[in-house]
Amino acid sequence: MSNDIFVIAEQMDGNLAEISFEMVGKAKELAAFWGGQAVAVVLGRSVSTNVFSSDSTLYIDDPNLAQFNPEAYGKVIEALVKEKSPRVVMLGWTATGMDLAAWLSARTGKPCVAYAKDLCIENDALVVNSQVYGGKMTAEVAPDGDMAIVACVAGSFPAETGRGTTSATQIASPISLDGLKTKFVEAIKPAGGDVDITGQDKLVSVGRGIGGKENIELAEELAGKLGAVVSASRPVVDAGWLPRTRQVGKSGLKVKPKLYLMLGISGAPEHLEGMKSAELIIAINTDKKAPIFNVAHYGATADLFEVAEAMLELL
Amino acid sequence: MNIVVAIKHIPSIADDLPVKGNNIDFDSVDFVLNEFDEQAIEQAVLVKESVGGTVTVVGVDLIGELDNVLHVALAKGADKAVKVTADEPGADSHVQAKWLAEAIKGLSPDLIFAGVQASNDLDGQIGPMIAAYLDIPYIGGVSSVEAADGTAIVTKEFSGGNAAKYSVGLPMVVGVQAASKPPRYAPVSKVRQVAQTATIEKVAPASDGIGAGLTIKKMAPPVMTGHAEMIEGSSKEVAAKIVELLKSKGLA
């Protein structure tokens, strides 16, 4: 075992995602305490990699890694961590990291903590805070053994401390990537044709509490009076009540409007990722313990239909 | 095509989650089907309807109440239901994935679906773990699946509205984010009818001691770093105060 902290960086089309820097910053803290190295690990093709403040950066440049491929990425990361035995492997709890962390845990027999919001050291051992049950609970967990895999929620640590100019060392893939069963076919870019919710000053955002497609009209009417556009949380889009172009959150779009008026959204961590930096957040929800009330500036425990209708009369 | 859906029965987060010792008090919470598993079941039935085959739904019966969940899945178009009888309400994802992988192995599936995540996946999701235990590929965050001739074409979603198509040699495990159509509704009468006639196959859990390897030191509601200023009063009063607030900030 080493005392190194590995950070599996994320990139798309050669652009490194913000969470890569966030994790490197945190890894430096942990590595400094244990006397190990914070190692950024980049998989890709033609990525500018001398951008981290890590103690070292490993860059595996391979045509099979040009686009995210869970099978190829998994194999490379598995071979690498088995060879180098880092103390902690940090990944994002993101579209890419979610395909890898639990898989890597089952392959290596090393523990995995998902939904991680913070990592700290207590009595020389790693303790991870994880946000489970839709943000309603925080679990404090200690992984057993000599290596832990931690999947971190985006936005949990500042990105600034992870930025730097460390020169990357390019290495060959530690394992053959011939005969992959998973093949990347094509990228699908965001669908156009609908309003762009990321460019709006005001959003009226509806969640599961809106109850049905027939009630979207009420939200549209309220949005119309406010000069706003209607956006939604994931369950509303999955149910087919609004198109995916309106989805705010981790698997949707990140928004930063002046007003984010939330009707019937409980505030799962995945949704908060997409809207927590809105300037004014007002949440209406019937559950007074909904996690959204820890984030909103103003809140009301009330029936959203009654409030929306009463607002319409006043506007 | 031989299609399997691996599901998770999880504590409902609609109500408060009582704590006992260092974990949820599993005896005093309601269990529900993981919401993403509804999408997984729908996607499985859609693939069956398009290319033919059978859909088998498999879950671990943690509290002896999985039958109703399985009956609903059968009413929606699944053909067979299997439960691993465990009676271990707190079984982690690793344990469940191992049991499910053992149960699924004998079914020789072409395609295995699972929900992309569950709110109690403290140690990660069962989908990627089942893939690792069966040594077959996994792709999660999937929003559409087409299968034919030993290959599946899946669409995986990334952030910011980006997505990508992959072609994967079967068998594989698919972590479903959203089915390509909204999940269908099973009328209560149909579920009741299924409940009277359906047979649920029981499987004993494989016992080989795999676990998450995590020690839970504490489980508690998050420490509040901030809280919304709550607007009190009737719905009309709340509405009036919100409108006033918006006007004062030039937002209405």
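Ten strands build an open sheet with mixed pairing, in the order 12(A)-11(B)-10(B)-9(B)-12(B)-8(B)-1(B)-6(B)-7(B)-13(B). Strand 12 (182-188) of chain A and strand 13 (200-203) of chain B form the edges; each has a single partner strand, so one side of each has no neighbour in the sheet. On average, neighbouring strands of this sheet are turned by 30° against each other, direction ignored. The model is predicted.

**Pairing inside the sheet**
- Strands of a sheet pair through backbone hydrogen bonds, either parallel or antiparallel.
- Strand 9 (residues 138-148) and strand 12 (residues 172-176), both of chain B, pair in the parallel sense over three bridges.
- Tyr138(B) sits opposite Val173(B), a residue in strand 12 of chain B.

**Helices on the sheet**
- Helix 1 (residues 35-51) of chain B packs on the sheet and touches strand 1 (2-7), strand 6 (54-61), strand 8 (111-115), strand 9 and strand 12 of chain B.
- The direction of helix 1 makes about 155° with that of strand 8 of chain B.
- Helix 3 (residues 93-105) of chain B also packs on the sheet, touching strand 1, strand 6, strand 7 (80-85), strand 8 and strand 13 of chain B.
- The direction of helix 3 makes about 145° with that of strand 6 of chain B.

**Chain B overall**
- Chain B holds six helices and 15 strands.
- Its C-alpha trace spans about 65 × 40 × 40 Å along the principal axes.
- Of the 252 residues in chain B, 56% are buried.
- Among contacts in chain B with a separation of 6 or more, 73% join residues 24 or more positions apart.

**Surface and charge of chain B**
- Chain B exposes about 10200 Å², with 48% supplied by carbon and sulfur atoms.
- Chain B carries 21 positive and 31 negative charges, whose mean positions are 4 Å apart.

Notes. Residues are numbered from 1 along each chain as its sequence is written. Chains are lettered from A and ligands numbered from 1 in the order in which they are written. This is a predicted model: local features need pLDDT of at least 70, side-chain atom pairs count only at pLDDT 80 or more; totals for chains, interfaces and linings use all residues. Side-chain values use heavy atoms; hydrogens and water are left out. Two strands pair if DSSP finds at least two bridges between them. Helices (H or I, at least four residues) and strands (E, at least two) are DSSP runs, numbered from the N terminus. Axes are lines fitted to C-alpha atoms, for helices over the stretch in contact, and angles run from 0 to 180 degrees between N-to-C directions. Contact means heavy atoms within 4.5 Å. Buried means under 20% relative accessible area, exposed over 50%, partly exposed in between (1.4 Å probe, protein chains only). Accessible areas come from the Shrake-Rupley method with a 1.4 Å probe; for residues, only the protein chains shown count as cover. Lys and Arg count as positive and Asp and Glu as negative; His and the chain ends are not counted. The place of a charge is taken as NZ of Lys, CZ of Arg, CG of Asp or CD of Glu.
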